[in-house]
Amino acid sequence: MLGLMQDWPLLVHKIIDHAALYHGEREIVTRSVEGPIHRTNYREIALRARKVSAALDRLGIKPGERVATLAWNTWRHLETWYGITGCGAVYHTLNPRLFPDQLVYIANHAEDKVMFFDITFADLVAEIAPKLPKVELYVCLTDAAHLPKAKIPNLVAYEEFIAGASETYEWKEVEENAACGLCYTSGTTGNPKGVLYSHRSNVLHALIAAQKDAQGISSCDSVLPVVPMFHANAWALAFSAPMVGAKLVLPGAKLDGDSICELLTNEDVTLSGAVPTVWLALFQYLEKTGKTLPHLNRVLIGGSACPRSMIESFETKYGVQVIHAWGMTEMSPLGTLGTLKHNVVAMPYEKQLDYKVKQGHPVFGVEMKITDDENNELPRDGKAFGRLKVRGPSIAKGYFRGEGADAFDSEGWFDTGDVATIDAEGYMTITDRSKDVIKSGGEWISSIEIENIAVGHPDVVEAAVIGVRHPKWDERPLLIVVLKPGKTATREQILDYLKGKIAKWWMPDDVQFVAEIPHTATGKIQKTALREQFGSYRLPTAAE
Ligand code: ADP
């Protein structure tokens, strides 16, 4: 017997309709790519999103076809997302930090029909356009006056594109399992792989994300997603904020400490989300200027591990609560969040910190387990570590066009490629990505744990640990460090600092100082590049 409840398809544009109707005057503030601060509200965004839908429909874009966006977080980018999904098409976020050849591969693989892009990327678009035979129209997210001069075929300014279109356009009635978004992830091996979100998965994920023990957002919050919309859906904030009617503050192209601090302060931001490197830049700016963060109440930190020292600085120096989060493009992206459970709240602060550095506990809708290589489940004791596997309604069940099928098993589990522990409370700790784990004498050393402790040294800005070949032990850890400007900590001082904080056999065999550590397009330490850079390096212990 079936239940007698209504069929109300979970469609993404219902979120913006709800925001327009019940939070219509709530502001969306953007540092525009052209320069000035721009202000609009949910009512306007919803109207203009309908115009985007109507204009794409008029162009002949059919449900299921892909429409690319190569853009910063702005109000126009937000409008395109809802406009694209509203006519049944699929928004496809392109990461401008990728190499042009990678973008060409991805846009061709996705068969993007239209490309919306910011003026900042005009030269990049001019370079790749000749290699994108499927793209029929390039829409620059600006007005006619700011249209770039770069040689781009079939180019139109966004404001012209939507000018004549109807703001009473009726959203296309697609089914809730229809595709609505596409984002390529770097993939642990081989070519980038496409993750194809559905309306249903995005709506469910936004509902899950908004929960109190997740992002915990409400209409009283002012939310600044520094994390780009092209990086794993801006961690759901472009859906969860309108869903609850929170004010949205969008940073455009400027993600430096000065610009972010200005928005945090002037727009009364209560919640923000970014990868650790963004916060490092903000801290450097705050230290230099002596400024504080008067309104900010909590920050979401993820994408790579958040060191304990960063949590302590935020909480004790600036009075901002840290929510450490872990997720993946394949998971829409949120998987676990480090909010404190009732029994952890009762613990002394130092003990709470032990939980906050973990990657968090799963939200409802994320099943999680760790297994050994033979797929046997490992105990949830905080000690055993193994392959982290997940399943749930907003987790990918395959990649676009069937690639990378070996990451998914017959029981529906997705192998994240991460190595982790899960403790008795359900808090998960990432020890490494499986390809970065250091195998020494048959045992595993967690590069992330050593890095997290090393950045706690007062002279260190950033640290990376890689495995280097060793004749006796197979691999031994090498610690690579960037010092703060003018600081002079030596190899011995840094090794001394680690002593007693990690197991003796985890101690790096050497420390190397570099001016800069390379990062990936999503802000992670690029270990492949470091391994190449130190390819001919020999450990001092290697002769033993
Ligand atoms: P890409 O692989 O393209 O960078 P993602 O942003 O989807 O794309 O990366 C997901 C990966 O990022 C995870 O599998 C994990 O290795 C890493 N990651 C995300 N959040 C954290 C975190 N809080 N701590 C450690 N690693 C993290």
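**Aromatic rings**

I looked up tryptophan 444 and found it partly exposed, at 26% relative accessibility. (Buried means under 20% relative accessible area, exposed means over 50%, and partly exposed is in between, with a 1.4 Å probe and protein chains only.) I found phenylalanine 385 partly exposed too, with a relative accessible area of 33%.

I noted the basis. This is a predicted model, where local features need pLDDT of at least 70 and side-chain atom pairs count only at pLDDT 80 or more, while totals for chains, interfaces and linings use all residues. Residues are numbered from 1 along each chain as its sequence is written, and side-chain values use heavy atoms, with hydrogens and water left out.

Next I looked up pairs. The structure holds 16 aromatic pairs. (Rings of Phe, Tyr and Trp, the last by its six-membered ring, pair if their centres lie within 6.5 Å; planes under 30 degrees apart are stacked, over 60 edge-to-face, the rest tilted.) One of them joins phenylalanine 116 and phenylalanine 161 edge-to-face, at 6.1 Å centre to centre and 70 degrees between the planes. I found both phenylalanine 116 and phenylalanine 161 buried.

Why is the pair of phenylalanine 385 and tryptophan 444 tilted? Its planes are at 40 degrees, so it counts as tilted, and the ring centres are 5.8 Å apart.

I also noted one aromatic cluster, formed by Trp81, Tyr82, Tyr91 and Phe239.

**Charges over rings**

I found the charged end of lysine 14 over the ring of tryptophan 8, 4.1 Å from its centre. (This needs NZ of Lys or CZ of Arg within 6 Å of the ring centre and within 35 degrees of the ring normal.) Lysine 358 lies over the face of tyrosine 355, 5.5 Å from the ring centre.
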